[in-house]
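Hi,

Here is the structure I promised to send over. Have a look at it first, and my notes follow below.

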Amino acid sequence: MFNKRLREMRMKRGFTQQRLADILNIALRSYQCYETGTRTPCYDLLILIADTLDVSIDYLLGRDEFMKSHAIPFDEYL
């Protein structure tokens, strides 16, 4: 789920893969692996990705339904 939401939000925000990789200060190939789901980012990079895309980590990780099911206010920033 992370890789699909990452790609979706990158495109929604108008970033190319190269531009987002540059912002995150990582190699393009590393970023592409996150979108294909063959690698996952470390915790610090996950925070930076969420901040850059202006979404919550919970949303990127697919926890929005969990949050909603526990009546915790959740805004996907979509």
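A cut-off before anything else: a residue is called buried under 20% relative accessible area, exposed over 50%, and partly exposed in between. With that in hand, E8 comes out at 39% relative accessibility, so it counts as partly exposed. Keep in mind that this is a predicted model.

E8 sits in helix 1.

Now for the rest of helix 1. The buried residues there are F2, N3, R5, L6, M9 and R10. They span an arc of only 165 degrees around the axis, which means that they lie on the same side of helix 1. Just after helix 1, G14 has a positive phi of about 80 degrees.

What does helix 1 (residues 2–12) pack against helix 4 (residues 43–53) like, in terms of angle and axis distance? The angle is about 35 degrees and the axes are 10 Å apart. That crossing is left-handed. On the helix 1 side the contact uses F2, L6, M9 and R10, and they meet L46, I49 and L53 of helix 4. Sorted by class, that contact has 6 nonpolar residues, 1 charged and no polar ones.

Helix 4 has its own buried set: L45, L46, I49, A50 and L53. Their arc is only 140 degrees around the axis, so they fall on the same side of helix 4. Y43, D44 and D51, on the other side of helix 4, are exposed. The cover over the buried residues of helix 4 includes helix 1, helix 2 (17–24), helix 3 (28–36) and helix 5 (57–60). Just after helix 4, D54 also takes a positive phi, of about 60 degrees.

One more pair to check is helix 2 with helix 4. Their axes come within 10 Å and cross at roughly 125 degrees, and helix 2 and helix 4 are therefore oblique to each other. This crossing is right-handed. L20, I23 and L24 of helix 2 make the contact with L45, L48, I49, T52 and L53 of helix 4. By class, the contact of helix 2 with helix 4 has 7 nonpolar residues, 1 polar and no charged ones.

Cheers

Key: Residues are numbered from 1 along each chain as its sequence is written. This is a predicted model: local features need pLDDT of at least 70, side-chain atom pairs count only at pLDDT 80 or more; totals for chains, interfaces and linings use all residues. Side-chain values use heavy atoms; hydrogens and water are left out. Axes are lines fitted to C-alpha atoms, for helices over the stretch in contact, and angles run from 0 to 180 degrees between N-to-C directions. Helices (H or I, at least four residues) and strands (E, at least two) are DSSP runs, numbered from the N terminus. A crossing is left-handed if the near helix is turned anticlockwise from the far one by less than a right angle, and right-handed if clockwise. Contact means heavy atoms within 4.5 Å. Ala, Val, Leu, Ile, Met, Phe, Trp, Tyr, Cys and Pro count as nonpolar, Asp, Glu, Lys and Arg as charged, and the others, Gly among them, as polar. Buried means under 20% relative accessible area, exposed over 50%, partly exposed in between (1.4 Å probe, protein chains only). The arc is that of the directions from the helix axis to the C-beta atoms. Angles under 35 degrees count as roughly parallel, over 145 as roughly antiparallel, 65 to 115 as roughly perpendicular and the rest as oblique.
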